[in-house]
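Please look through the sequence and the model shown here, and then follow the explanation below step by step.

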Amino acid sequence: MEEMDEQQDLLDQDVQPPPCDVITFRYLDENAQSVWLTGSFTLWASSLEAGALALEPSAQGLWSLTLRVEPTGHHEYKFIVDGGSWIHD
């Protein structure tokens, strides 16, 4: 019964979920010096200058980037590690 009350409390707070077009990309590599994101939404840019997006490093080699992506259609992406290795997720 207590669990149901907690769930109802959350519903009563009118907490909105994040928009479905906001995505956090994460990549784990303790040895990486840089990690970029590229894909159909960047026209497969191969460098930052061409439009690839830089992920930010955090503790223990976790890199991340949150961005808004067009919510319709099919999107593909890869990570570019240290400017040369293209890694699919």
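**Strands and a threonine**

Two bridges join β4 to strand β5 (residues 62-68), and these two strands run antiparallel; strands here are DSSP runs of E with at least two residues, numbered from the N terminus, and two strands pair if DSSP finds at least two bridges between them. This is a predicted model, in which local features need pLDDT of at least 70 and side-chain atom pairs count only at pLDDT 80 or more, while totals for chains, interfaces and linings use all residues. Residues are numbered from 1 along each chain as its sequence is written, and side-chain values use heavy atoms, with hydrogens and water left out.

The bridge partner of P57 is W63 in β5. β4 and β5 belong to an open sheet of three strands, whose order is β1-β5-β4 with antiparallel pairing. Because β1 (22-28) and β4 (56-57) each have a single partner strand, they stand at the edges, and one side of each is left without a neighbour in the sheet.

Elsewhere, four bridges join strand β6 (residues 77-81) to strand β7 (residues 85-88), and this pair runs antiparallel. V81 has S85 in β7 as its bridge partner, and in this hairpin, with three residues between the strands, D82 takes a positive phi near 55°.

Now turn to T38, which is found in strand β2 (residues 35-39). T38 counts as buried because its relative accessibility is 0%, where buried means under 20% relative accessible area, calculated with a 1.4 Å probe on protein chains only. Leaving aside residues up to four places away in sequence, T38 touches W44, A45, E76, Y77, K78, I80 and W86, a contact being heavy atoms within 4.5 Å.

Definitions and conventions
Buried < 20%, exposed > 50% of the residue type's maximum accessible area, 1.4 Å probe, protein only.
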